[in-house]
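These are my notes from looking through one model. I took the overall form before the single residues.

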Amino acid sequence: MNRKAVVEAVKAIPAGKDHAWDGLSEDERPATSAELDAALERYRRSRGRPKLERPKVSITLRVDADVADALRASGKGWQTRMNDALKAWLREHPST
């Protein structure tokens, strides 16, 4: 049920006819504030991309104009290719 449907369902409840739990059916028990907060937190965490263990880091890198032009001219994904080239260089030139 989406948010709009819930709002419409709540608006359709006649005044004075709010739900009152009879204590018999656990399925009809209203959620507590803590349960609602926990559900909202689970919903917020489930949205978007999963968190990466080692996310990429944004940096500013100054390169010669001809290098930048050549990389950009190679088309979409040039930044990924540049990252891969740097990784390959690091493998060939270990620091230790």
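What percentage of the 96 residues in the protein chain is buried? I found that buried residues make up 2%. I call a residue buried under 20% relative accessible area, exposed over 50%, and partly exposed in between, with a 1.4 Å probe and protein chains only.

I note that this is a predicted model, where local features need pLDDT of at least 70, side-chain atom pairs count only at pLDDT 80 or more, and totals for chains, interfaces and linings use all residues. Residues are numbered from 1 along each chain as its sequence is written, and side-chain values use heavy atoms, with hydrogens and water left out.

**Fold and extent**

I looked up the secondary structure and got 4 helices and 0 strands, in the order α-α-α-α along the sequence. Helices (H or I, at least four residues) and strands (E, at least two) are DSSP runs numbered from the N terminus.

I then checked the radius of gyration, taken over C-alpha atoms. The protein chain has 27 Å, whereas a compact globule of 96 residues would be near 12 Å; the globule rule is 2.2 Å times the number of residues to the power 0.38. Along the principal axes, the C-alpha atoms fill a box of roughly 75 × 35 × 20 Å.

**Surface**

**Two residues and their distances**

I placed Leu24 in the loop between helix H1 (3-11) and helix H2 (33-46). Leu24 counts as exposed because its relative accessibility is 75%. From Leu24 to Leu86 I have 62 residues along the chain and 65 Å between the C-alpha atoms.

Arg42 sits in helix H2. Its relative accessible area is 52%, so Arg42 is exposed. Thr80 is 38 residues from Arg42 in sequence, and their C-alpha atoms are 32 Å apart.

**Charges**

I compared the mean positions of the 19 positive and 15 negative charges, and they are 6 Å apart. Lys and Arg count as positive and Asp and Glu as negative, without His and the chain ends; the charge is placed at NZ of Lys, CZ of Arg, CG of Asp or CD of Glu.
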